[in-house]
Amino acid sequence: MNTIVVNKDDKVNVNFYNVDDVQTEIHSFTIDDPYAVNIDLAFDQNGNASFTADQTGVFTYYCKYHLPVMTGQLVVLP
């Protein structure tokens, strides 16, 4: 599992790239509430999301097309 660790009130910038070997694969970088990030990318696309980590805790991020294998955690420390 991949983990992103930040401190409360940090500005988080996620740069996401779809470089899958299978050119027909779509991927996402998704974090549910409270951050509501959802980037969908086709092959060879990239996207960015920026948010302030204003709530502490552990939040799962995932590819909504490839659950349960493509997941990680955003850890926001106090």
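Thr30 lies in strand 3 (strands are DSSP runs of E with at least two residues, numbered from the N terminus). The model is predicted: local features need pLDDT of at least 70, side-chain atom pairs count only at pLDDT 80 or more, and totals for chains, interfaces and linings use all residues. Residues are numbered from 1 along each chain as its sequence is written, and side-chain values use heavy atoms, with hydrogens and water left out.

Thr30 is buried, at 5% relative accessibility (buried means under 20% relative accessible area, exposed over 50%, partly exposed in between; 1.4 Å probe, protein chains only). Its side chain makes a polar contact of 3.0 Å with that of Ser28 (a pair of N or O atoms within 3.5 Å; within protein, one must be able to donate a hydrogen and the other to accept it, and residues adjacent in sequence count only if both atoms are side-chain atoms). Beyond its neighbours within four places in sequence, Thr30 is in contact with Val37, Asn38, Thr60, Tyr61, Tyr62 and Lys64 (contact means heavy atoms within 4.5 Å).

Asn38 is also the bridge partner of Thr30 in strand 4. His27 has Leu41 as its bridge partner in that strand. Strand 3 (residues 27–31) pairs with strand 4 in the antiparallel sense, over 5 bridges (pairing requires at least two DSSP bridges between two strands). The two strands form a hairpin with 5 residues between them. Ala36, in the turn, has a positive phi of about 50°.

Both strands belong to an open sheet of 5 strands, ordered 1-7-6-3-4, with mixed pairing. Strand 1 (2–7) and strand 4 stand at the edges with a single partner strand each, so one side of each lacks a neighbour in the sheet. Neighbouring strands are turned by 15° against each other on average, direction ignored (axes are lines fitted to C-alpha atoms; angles run from 0 to 180 degrees between N-to-C directions).

Strand 4 has two faces. Val37, Ile39 and Leu41 are covered; Asn38 and Asp40 are uncovered. Asp40 forms a salt bridge with Lys64, with the closest N and O atoms 3.3 Å apart (a side-chain nitrogen of Lys or Arg within 4 Å of a carboxyl oxygen of Asp or Glu). This pair links distant parts of the chain, 24 residues apart: Asp40 sits in strand 4 (residues 37–41), Lys64 in the loop between strand 6 (57–62) and strand 7 (71–77). Asp40 is partly exposed at 35%, and Lys64 is partly exposed at 36%.

The structure holds 2 salt bridges. Lys8 and Asp9 also form one, at 3.8 Å between the closest N and O atoms. Lys8 is partly exposed, at 37% relative accessibility.

Note on methods: Helices (H or I, at least four residues) and strands (E, at least two) are DSSP runs, numbered from the N terminus.
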